Amino acid sequence: MDFKNSEKLYKKGQKHLVGAVNSPVRAFASVGGNPLFIKKAKGTKITDVDGNDYIDLVLSYGPMILGHRHKKVEKAIKKALKNGYTFGASTKNEIKLAKIVCDAFPGMDKVRFVNSGTEAVLSALRLARAYTGNDKIIKFSGCYHGHSDALLVAAGSGLATLSLPGSKGVPEGAVKNTLIANYNDLESVKAHFEKHDDIAGVIIEPIAGNMGVVLPQGNFLKDLKTYLETKNALLIVDEVMTGFRSKFGGAQELLGVEADITCLGKVIGGGFPVGAYGARNEIMEMVSPLGAMYQAGTLSGNPIAMAAGIATLTELKKQNPYQKFDEVAARLEQVLKEKANKHGVDIVVNRFGSMINPFFTKGVVTNFEEAQQSDTKKFATFFWALVKNGIFLPPSQFEAWFLSSALSEKDLQKTEKAIDLAMEAVVNKSN
Ligand SMILES: *Cc1c(COP(=O)(O)O)cnc(C)c1O
């Protein structure tokens, strides 16, 4: 396997693109080497510009849940294209997708479509503030909610309790209303409420996927919701990653908790740029044009994206692959552990539905601090060995691997074999 054409494009791309990428997660910074350039994808396979085929466990970081270019989605997109691309006025399909989405989430009467997860979340925060009249928001260390100023707060363990910007260019003023708590630690939330009486709400990934997969322990989410009710603060559940991926609907139903505001993205656009936020009527009626919270978008509810979203969710509902996801993930977990054991490598495997990943560490991973104990050098070796054996996975220890409903027995066998070889490579490299 060689990567000559990717290397050439990487060199060329650096002239007019920042680091030759349009999102830093694509840059391979934490695994070394050059990023791959992709030419095409179909079903479970993705092909780079050197003609190398991989089984795709990135799935564009989640959206391609049916696999690439599902024929029903493609048909819907082609049909929509014939009618025009964008109108700056409402269309019937926006109503249709809104109904599918609201029906899937118990606490959602109305939804507003936007163009990305970032936009969904920053609008949801504005809405929580508009509704409660309070300014402060609590977020959890290690949870990612897009790149808006207020949420780019240092989430490293050392700074976990300080509200310091995690990026240059974010003014301290922009994060002064963001408080940090520890995932799976209700006491750390309560401590903030004891100090502040102007907290609008708490935002959380119901199953964290942006520090690797980290599950809420026990009744953490339910207890959090019950507690917030006593404080008149809102629970904002960021299901940009988990929405329609953990279950049709999202993680909320599965975990027995109802959000006050839900954020969506990724899967609901079927591969096109769509985000959404939704809530019960009394909250959504704050949003312009019904209410005084302003939020707008030139391309929001884009017809092509709506068509792709409707087709994806309709097919997903029909396939109902959630049981299969669980079985496939259980099998991958077992294989990862078995092969790690065989080669004497310490790993922890966390999974939920169609999200799974191994951490190169011992013990348990229930929060960001524990996730950070992972040996990222071992992960880098493991990553490249998988790539060279035909598996495309996110180039970071702290990203979930995603499963699509298109995965076949043959794909799984190939993945299992590659995992065996990659664990062997990890041992050889560390000796
Ligand atoms: C991906 C993601 C976002 C940001 O979505 P973008 O479409 O990349 O802006 C926000 N929250 C979570 C939980 C995500 O996984």
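**Entry 1: the model.** I am working from a predicted model.

**Entry 2: the ligand site.** I listed the residues around the ligand and got Ser116, Gly117, Thr118, Tyr144, His145, Gly146, Glu205, Asn210, Asp238, Val240, Met241 and Lys266. Then I looked up side-chain N or O atoms against ligand oxygens. For Thr118 I read 2.6 Å to an oxygen atom of the ligand. The Lys266 side chain also has an N or O atom 2.6 Å from a ligand oxygen. For Asn210 the value is 3.1 Å.

Entry 3: I checked the UniProt record, an unreviewed entry, and it annotates Lys266 as "modified residue: N6-(pyridoxal phosphate)lysine". Where is Lys266? I found Lys266 in the loop between β9 (261-264) and β10 (275-279). Leaving aside neighbours within four places in sequence, I have Lys266 in contact with Tyr61, Pro63, Val240, Met241 and Val274. Val240 and Met241 are also on my list of residues around the ligand.

**Entry 4: helix α6.** I went through α6 (residues 186-195) and noted Leu186, Ser188, Val189, His192 and Phe193 as buried. Why do the buried residues line one face of the helix? Seen down the axis of α6, they fall within an arc of 165 degrees, so one face it is. At the N-terminal end of α6 I found a cap: a side-chain oxygen of Asp185 lies 3.2 Å from the backbone nitrogen of Glu187.

**Entry 5: aromatic rings.** I get 16 aromatic pairs in the structure. I picked out Phe105 and Phe244, an edge-to-face pair with 5.7 Å centre to centre and 80 degrees between the planes. This pair links distant parts of the chain, 139 residues apart. I placed Phe105 in the loop between α3 (92-104) and β4 (110-114), and Phe244 in the loop between β8 (234-238) and α8 (251-255). Phe105 is buried at 2% relative accessible area, and Phe244 is buried at 0%. I also noted a cluster linked by ring pairs: Phe3, Phe28, Phe360, Phe379, Phe382, Phe383, Trp384 and Trp401.

Terms used
Residues numbered from 1 in each chain as written. Predicted model: local features only at pLDDT ≥ 70, side-chain atom pairs only at ≥ 80, totals over all residues. Heavy atoms only, no water. Phe/Tyr/Trp six-rings, centres within 6.5 Å; stacked < 30°, edge-to-face > 60°. Helix = DSSP H or I, 4+ residues; strand = E, 2+ residues; numbered from the N terminus. Buried < 20%, exposed > 50% of the residue type's maximum accessible area, 1.4 Å probe, protein only. UniProt positions renumbered as here; feature names shortened; annotations may be inferred. Contact = heavy atoms within 4.5 Å. Arc of directions from axis to C-beta. Polar contact = N/O pair within 3.5 Å; in protein donor to acceptor, adjacent residues only side chain to side chain. Near = heavy atom within 4 Å.
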